[in-house]
Amino acid sequence: MKRRRGAGGRGESLSWHVSFTVTGESNTMTVVISRVQPDDETAFLDAVARSRDLLDEWVDPPPNAERFAQHIVRYSTDHHVSYLARNGEGQMVGCININNIVRGAFQSAFLGYYAFSPYNGQGLMKQAMALVITQAFHHHRLHRLEANIQPANVASVALVKSLGFRLEGHSPRYLNIAGQWRDHDRYAITAEEWS
């Protein structure tokens with residue numbers, strides 16, 4: 001992996017060159033993560049609009065300018081961080097959020113994420129998640145990350161398992177998504193497990 005200069009603070013980008021195999025051929029893909037900024041609005045809303053069929057059942061990302069502005073405000077605090085993932089051509093491939101950061105003896109947060117069409121299923125989000133997890137444990141100095149996933153979201157479960165998250169339990173009616181209280185399974189990883 002190759003890191004661009006900068007420690008990934010507000011407005012800085014991190015970039016790694018990641019190699020993986022696609023349909024039997026070796027390809028080099030670049031995945032870049034950067035903190036969400038107000039000028040990302042148009043590209044973000046376009047990505048959400050084209051991804052509705054993919055996202056509607058699982059998450060509720062900001063679909064309009066008002067909700068995007070609320071997203072910017074929320075993720076401008078010390079308790080929440082939002083990263084956008086882009087491919088080497090600058091196309092937005094997903095969003096990864098570190099939510100509800102708790103300091104003190106806990107040093108923990110919740111990880112939320114979603115891919116954008118047509119980039120889901122290509123391994124790009126796995127690489128972007130690895131970058132964000134590294135940021136969470138090193139730059140943000142967290143000790144634990146938790147991801148809560150609806151059991152039927154097979155792709156999301158496979159993603160966190162491939163990154164080393166372990167199943168910790170089941171939470172009935174955990175989150176209200178699209179007007180329904182949905183069950184979630186809790187997956188977690190600690191800094192020691194990531195190292």
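Author: The buried residues of H3 pack against helix H1 (41-50), strand S3 (81-87), S4 and S5, where contact means heavy atoms within 4.5 Å, and helices (H or I, at least four residues) and strands (E, at least two) are DSSP runs numbered from the N terminus. This is a predicted model, in which local features need pLDDT of at least 70 and side-chain atom pairs count only at pLDDT 80 or more, while totals for chains, interfaces and linings use all residues. Residues are numbered from 1 along each chain as its sequence is written, and side-chain values use heavy atoms, with hydrogens and water left out.

The residues of H3 that are buried (under 20% relative accessible area, with exposed over 50% and partly exposed in between, for a 1.4 Å probe and protein chains only) are Phe68, His71 and Ile72. Seen down the axis of H3, these buried residues fall within an arc of 100°, so they line one face of the helix; the arc is that of the directions from the helix axis to the C-beta atoms. Glu66 and Val73, on the other side of H3, are exposed. At the start of the helix, a side-chain oxygen of Asn64 comes to within 3.3 Å of the backbone nitrogen of Glu66.

Helix H3 (65-74) is also among the elements that each supply at least two residues of the lining of the largest pocket, and S5 gives the largest share of that lining, six residues. A pocket here is an open set of points on a 1 Å grid over the protein atoms alone, where a 1.4 Å probe fits, with protein on both sides within 12 Å along at least five of seven lines, and lining residues have an atom within 4 Å of a point. Of the 44 lining residues, Trp58, Val59, Gly112, Tyr113 and Tyr114 lie nearest the centre of the largest pocket.

Conventions:
A polar contact is a pair of N or O atoms within 3.5 Å; within protein, one must be able to donate a hydrogen and the other to accept it, and residues adjacent in sequence count only if both atoms are side-chain atoms.
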